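I opened my notebook to look up how this chain is put together. My entries follow in the order I made them.

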Amino acid sequence: MSRPCLPAHRSCPEPPVELPLRAPSLKPAPVEGCAVCAHAAAWRQAYRTGNGTADGYTNRSAAVDCSLEIRNHPHEPRVTRLPVDAPAGRP
Ligand SMILES: [Zn+2]
(Lines give C-alpha, C1' and ligand atoms only; values in the text may rest on other atoms or scores of the structure.)
Protein backbone atom coordinates (compact mmCIF):
# COMPACT_ATOMS: atom_id res chain seq x y z
CA MET A 1 0.00 0.00 0.00
CA SER A 2 1.46 3.28 -1.09
CA ARG A 3 0.99 6.51 0.78
CA PRO A 4 0.54 9.71 -1.18
CA CYS A 5 3.31 12.23 -0.90
CA LEU A 6 2.50 14.64 1.89
CA PRO A 7 3.10 18.29 1.16
CA ALA A 8 6.01 19.90 2.92
CA HIS A 9 5.19 21.29 6.31
CA ARG A 10 4.20 24.92 6.27
CA SER A 11 4.37 27.02 9.37
CA CYS A 12 1.14 28.84 8.67
CA PRO A 13 -1.05 26.84 6.32
CA GLU A 14 -4.16 28.96 6.64
CA PRO A 15 -5.05 32.34 8.00
CA PRO A 16 -6.21 32.18 11.60
CA VAL A 17 -9.89 31.58 12.16
CA GLU A 18 -11.70 34.72 13.20
CA LEU A 19 -14.36 34.02 15.77
CA PRO A 20 -17.32 36.34 15.95
CA LEU A 21 -16.95 38.90 18.69
CA ARG A 22 -20.38 38.12 20.06
CA ALA A 23 -21.53 34.55 19.99
CA PRO A 24 -25.26 34.21 19.50
CA SER A 25 -26.86 34.42 22.87
CA LEU A 26 -29.93 32.60 24.04
CA LYS A 27 -30.91 35.71 25.91
CA PRO A 28 -30.16 38.70 23.71
CA ALA A 29 -30.32 42.09 25.36
CA PRO A 30 -33.03 44.46 24.16
CA VAL A 31 -31.75 47.47 22.27
CA GLU A 32 -32.00 50.56 24.41
CA GLY A 33 -34.68 53.00 23.33
CA CYS A 34 -36.44 50.50 21.06
CA ALA A 35 -40.08 50.08 21.98
CA VAL A 36 -40.40 46.74 20.20
CA CYS A 37 -37.36 45.34 22.01
CA ALA A 38 -38.69 46.58 25.35
CA HIS A 39 -42.09 45.07 24.61
CA ALA A 40 -40.56 41.74 23.61
CA ALA A 41 -38.35 41.76 26.70
CA ALA A 42 -41.34 42.42 28.95
CA TRP A 43 -43.23 39.52 27.38
CA ARG A 44 -40.18 37.27 27.54
CA GLN A 45 -40.00 37.92 31.26
CA ALA A 46 -43.71 37.27 31.61
CA TYR A 47 -43.54 34.02 29.65
CA ARG A 48 -40.55 32.85 31.69
CA THR A 49 -42.12 33.57 35.05
CA GLY A 50 -45.79 33.10 34.23
CA ASN A 51 -46.35 36.50 35.82
CA GLY A 52 -48.44 38.56 33.40
CA THR A 53 -49.49 35.90 30.92
CA ALA A 54 -53.19 35.43 30.23
CA ASP A 55 -53.30 32.00 31.85
CA GLY A 56 -50.67 32.59 34.52
CA TYR A 57 -48.46 29.78 33.20
CA THR A 58 -44.92 29.92 31.87
CA ASN A 59 -44.40 29.43 28.14
CA ARG A 60 -40.79 28.71 27.23
CA SER A 61 -41.54 28.48 23.54
CA ALA A 62 -43.11 31.92 23.51
CA ALA A 63 -40.20 33.26 25.57
CA VAL A 64 -37.77 32.01 22.91
CA ASP A 65 -39.91 33.72 20.28
CA CYS A 66 -39.50 36.96 22.21
CA SER A 67 -35.73 36.48 22.20
CA LEU A 68 -35.85 35.93 18.45
CA GLU A 69 -37.70 39.20 18.03
CA ILE A 70 -35.16 41.05 20.17
CA ARG A 71 -32.33 39.58 18.12
CA ASN A 72 -34.29 40.58 15.02
CA HIS A 73 -33.84 44.28 15.82
CA PRO A 74 -34.68 46.55 13.94
CA HIS A 75 -37.64 44.22 13.41
CA GLU A 76 -38.09 44.50 9.66
CA PRO A 77 -39.80 42.23 9.09
CA ARG A 78 -41.12 41.12 12.43
CA VAL A 79 -40.44 37.45 13.15
CA THR A 80 -43.03 36.92 15.84
CA ARG A 81 -46.45 38.27 16.57
CA LEU A 82 -46.31 39.58 20.10
CA PRO A 83 -49.42 40.49 22.06
CA VAL A 84 -50.39 44.11 21.48
CA ASP A 85 -50.75 44.94 25.16
CA ALA A 86 -48.00 44.80 27.74
CA PRO A 87 -48.09 41.78 30.07
CA ALA A 88 -50.44 42.31 32.97
CA GLY A 89 -47.92 41.79 35.74
CA ARG A 90 -48.99 41.00 39.25
CA PRO A 91 -47.26 42.46 42.30
ZN1 LIG B 1 -35.57 46.59 18.70
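A residue is buried if 20 or more other C-beta atoms lie within 10 Å of its own, exposed if 12 or fewer, and partly exposed in between, with C-beta atoms placed from the backbone. I also noted that this is a predicted model, where local features need pLDDT of at least 70, side-chain atom pairs count only at pLDDT 80 or more, and totals for chains, interfaces and linings use all residues. Residues are numbered from 1 along each chain as its sequence is written.

**Entry: overview**

I looked up the helices and strands, which are DSSP runs numbered from the N terminus (helices are H or I, at least four residues; strands are E, at least two). I found 2 helices and 0 strands in the chain. I then looked up burial and found that 14% of the 91 residues count as buried.

I needed contacts next: two residues are in contact if their C-beta atoms, placed from the backbone, lie within 7 Å. I took the contacts between residues at least 6 apart in sequence, and 47% of them join residues at least 24 apart.

**Entry: helix H1**

I found H1 at residues 35-49, with 15 residues. From first C-alpha to last, H1 reaches 21 Å, close to the 21 Å expected at 1.5 Å a residue. The expected span is 1.5 Å times one less than the number of residues.

Which residues of H1 are buried? I listed Cys37, His39, Ala40, Ala41, Trp43, Arg44, Ala46 and Tyr47. Their cover includes helix H2 (60-71). After H1 comes glycine 50, with a positive phi near 80 degrees.

I picked out alanine 41, which lies in H1. Alanine 41 is buried, with 20 other C-beta atoms within 10 Å. Leaving out residues up to four places away in sequence, alanine 41 touches Pro30 and Ile70. I also checked proline 28, 13 residues away along the chain: its C-alpha atom is separated from that of alanine 41 by 9.2 Å.

**Entry: helix H2**

I counted 12 residues in H2. H2 reaches 17 Å from its first C-alpha to its last, close to the 16 Å expected. Its buried residues are Cys66, Glu69 and Ile70. Seen down the axis of H2, they fall within an arc of 100 degrees (taken from the directions from the helix axis to the C-beta atoms), so they line one face of the helix. On the other side of H2, I found Arg60 and Ser61 exposed.

**Entry: how the helices meet**

I checked what the buried residues of H2 pack against, and it is H1. The axes of H1 and H2 come within 8 Å and cross at roughly 160 degrees. That makes H1 roughly antiparallel to H2, a label for angles over 145 degrees. Axes here are lines fitted to C-alpha atoms, for helices over the stretch in contact, and angles run from 0 to 180 degrees between N-to-C directions. Among the residues making the contact are Trp43 and Tyr47 of H1 and Ala62 and Ser67 of H2.

**Entry: after H2**

I read on into the segment after H2, where proline 74 is found. A cis peptide bond joins histidine 73 and proline 74, with omega about 10 degrees. Another cis peptide bond joins glutamate 76 and proline 77, with omega about 0 degrees.

Histidine 75 is also in the segment after H2. Its phi is near 65 degrees, a positive value in a residue other than glycine. Most residues other than glycine have a negative phi, and most peptide bonds are trans. Histidine 75 is partly exposed, with 16 other C-beta atoms within 10 Å.

Terms used:
Angles under 35 degrees count as roughly parallel, over 145 as roughly antiparallel, 65 to 115 as roughly perpendicular and the rest as oblique.
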